[in-house]
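Work through the exercises below with the sequence and the model open. Try each task before reading its solution.

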Amino acid sequence: MELLMAFVIGILFMCATYLMLSKSILRIIIGTGLLSHGAHLLILTMGGLKGGSVPLLSDEAASYVDPLPQALILTAIVISFGVTSFLLVLAYRTYQELGTDDMEEMRGTETNE
């Protein structure tokens, strides 16, 4: 299972890098979302994909799942949602002002003025 997760994480990082290197600001935002999802899966995989019981204080369970990676991922999901929503609002406002989402046209060089 860890090998499958490693391939999925690699594909997510590859697609995110490709999208973040494009000229469209919307593709850059989608790339940052994919990169954050890949990082979430990486943290979960590094924490171990083992079966177990909920980490509650009881004597019935033979093994427990480590709650720390799950807490870190939950925090990272909330932060990435906030960053993504901020970037979407920023892109929308930029498109309203400049009328384009192309990063080359937003650069403001002398040939584009």
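Helices here are DSSP runs of H or I of at least four residues, and strands are runs of E of at least two. The model is a predicted one.

**Exercise 1. Find the end-to-end distance and the helix content of residues 69-92.**

Solution. Start with the record: an unreviewed UniProt entry places the feature "transmembrane region" at residues 6-21, 28-49 and 69-92. Next, take the end C-alpha atoms of residues 69-92, which lie 34 Å apart. This span is 100% helix and 0% strand.

**Exercise 2. Compare the reach of helix α2 with the span expected at 1.5 Å a residue.**

Solution. Helix α2 covers residues 25-47, which makes 23 residues. The expected span is 1.5 Å times one less than the number of residues. For α2 this expected value is 33 Å, and the reach from the first C-alpha to the last is 33 Å, close to expectation. After α2 comes G48, with a positive phi near 105°.

**Exercise 3. State which residues of α2 are buried and what covers them.**

Solution. A residue is buried when its relative accessible area is under 20%. In α2 the buried residues are I25, I29, G31, G33, S36, G38, H40 and T45. Their cover includes α1 (2-20), α3 and α4 (103-106).

**Exercise 4. Decide whether S80 is buried or exposed, and name the residues that S80 touches.**

Solution. First locate S80: this residue is in helix α3, residues 67-98. The relative accessible area of S80 is 16%, so S80 is buried. Leaving out residues up to four places away in sequence, S80 touches S36 and H40. Both S36 and H40 are among the buried residues of α2.

**Exercise 5. List the salt bridges and say how exposed each partner is.**

Solution. The structure holds 2 salt bridges. One joins the side chains of R93 and E97, at 3.2 Å from N to O. These two residues are both in helix α3, 4 residues apart, about one turn of the helix. In an α-helix there are 3.6 residues a turn, so residues three or four places apart point the same way. R93 is partly exposed at 47% relative accessible area, while E97 is exposed at 54%. The other salt bridge joins E104 and R107, whose closest N and O atoms are 3.7 Å apart. Here E104 is partly exposed at 34% and R107 is exposed at 57%.

**Exercise 6. Which residues make the nonpolar surface patch of about 360 Å²?**

Solution. The patch is made by M1, L4, V8 and L49. Of these, L49 lies in the loop between α2 and α3. With a relative accessible area of 31%, L49 is partly exposed.

Conventions: Residues numbered from 1 in each chain as written. Predicted model: local features only at pLDDT ≥ 70, side-chain atom pairs only at ≥ 80, totals over all residues. Heavy atoms only, no water. Buried < 20%, exposed > 50% of the residue type's maximum accessible area, 1.4 Å probe, protein only. Contact = heavy atoms within 4.5 Å. UniProt positions renumbered as here; feature names shortened; annotations may be inferred. Patch = residues over 30% accessible without salt bridge, like charges linked within 9 Å, V, L, I, M, F, W, Y side chains within 5 Å. Areas by Shrake-Rupley, 256 points an atom, 1.4 Å probe, with all protein chains shown as cover. Salt bridge = Lys/Arg side-chain N within 4 Å of Asp/Glu carboxyl O.
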